[in-house]
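Hi there,

Have a look at it in your viewer first, then read on.

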Amino acid sequence: LYLDRFEAGRFPIVTAVLGANRINIHPSPPRADLVAEAPTPGSVDLCFRWDGPIADALALVERHGLALVEGPAFRLAADGSKGQSVYTRDPDGNLIEFLTTDG
């Protein structure tokens, strides 16, 4: 939990790391740019680990006609491994991330 960095204003979210998983908790109003389209109570920011190459995740987003919000972009996984992510939104405007550590 990076609560100390959040409270000091050095990190825009509170992050709880649970094993290989991470939960990001955004304040209202959000301090980060990459959030749900309408960050309100009940909106989410979900990250799914992608087992294949990031190009396949990008192709999935494109194949379903979803708008690319960002990526591919360098990101660290919850376990600290280096990876890449692509971001899109679901029909409710929630932020969806596909992250791979495959490179």
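A definition to start with: rings of Phe, Tyr and Trp (for Trp, the six-membered ring) pair if their centres lie within 6.5 Å, and planes under 30 degrees apart count as stacked, over 60 as edge-to-face and the rest as tilted. By this rule there are two aromatic pairs. Trp50 and Phe98 form an edge-to-face pair, at 5.6 Å centre to centre and with 80° between the planes. This pair links distant parts of the chain, 48 residues apart: Trp50 sits in the loop between strand S3 (45-49) and H2, and Phe98 in strand S6. Phe48, Trp50 and Phe98 form one aromatic cluster.

Some ground rules before the rest. This is a predicted model, in which local features need pLDDT of at least 70 and side-chain atom pairs count only at pLDDT 80 or more, while totals for chains, interfaces and linings use all residues. Residues are numbered from 1 along each chain as its sequence is written, and side-chain values use heavy atoms, with hydrogens and water left out.

**Overall layout**

The chain has two helices and six strands, in the order α-β-β-β-α-β-β-β along the sequence. Helices (H or I, at least four residues) and strands (E, at least two) are DSSP runs, numbered from the N terminus. The accessible surface of the chain comes to about 6400 Å², and 54% of that surface belongs to carbon and sulfur atoms; the areas come from the Shrake-Rupley method with a 1.4 Å probe, and for residues only the protein chains shown count as cover. Of the 103 residues in the chain, 29% are buried. Here buried means under 20% relative accessible area, exposed over 50%, and partly exposed in between (1.4 Å probe, protein chains only).

**Helix H2**

In H2 (residues 54-63), the buried residues are Ile54, Ala57, Leu58, Leu60 and Val61. Seen down the axis of H2, they fall within an arc of 155°, so they line one face of the helix. That arc is taken over the directions from the helix axis to the C-beta atoms. An α-helix has 3.6 residues a turn, so residues three or four places apart point the same way. Strands S4, S5 (82-89) and S6 (95-100) are among the elements that cover the buried residues of H2. On the face turned away from the buried side, H2 carries the exposed residues Glu62 and Arg63. Just after H2, Gly65 takes a positive phi of about 70°.

**The loop into S4**

Leu68 is in the loop between H2 and S4, and is partly exposed at a relative accessible area of 40%. Leaving out residues up to four places away in sequence, Leu68 touches Leu58, Val86 and Tyr87. Leu68 and Arg89 are 21 residues apart in sequence, with their C-alpha atoms 8.0 Å apart. Val69 is found in that loop between H2 and S4 too, partly exposed at 32% relative accessibility. The C-alpha atoms of Val69 and Ile96, 27 residues apart along the chain, are separated by 9.3 Å.

**Strand S4**

Which peptide bond is cis? The bond from Gly71 to Pro72 is, with omega near -5°, and Pro72 lies in S4 (residues 70-76). For context, most residues other than glycine have a negative phi, and most peptide bonds are trans.

The structure holds one salt bridge, meaning a side-chain nitrogen of Lys or Arg within 4 Å of a carboxyl oxygen of Asp or Glu. Glu70 forms this bridge with Arg75, and the closest N and O atoms are 2.4 Å apart. Glu70 is partly exposed at 30% relative accessible area, and Arg75 is partly exposed at 22%.

Phe74, also in S4, touches Lys82 and Gly83, not counting residues up to four places away in sequence. Phe74 and Ser85 are eleven residues apart in sequence and 6.5 Å apart in space, C-alpha to C-alpha.

Happy to talk any of this through.

Best wishes

Terms used. Contact means heavy atoms within 4.5 Å.
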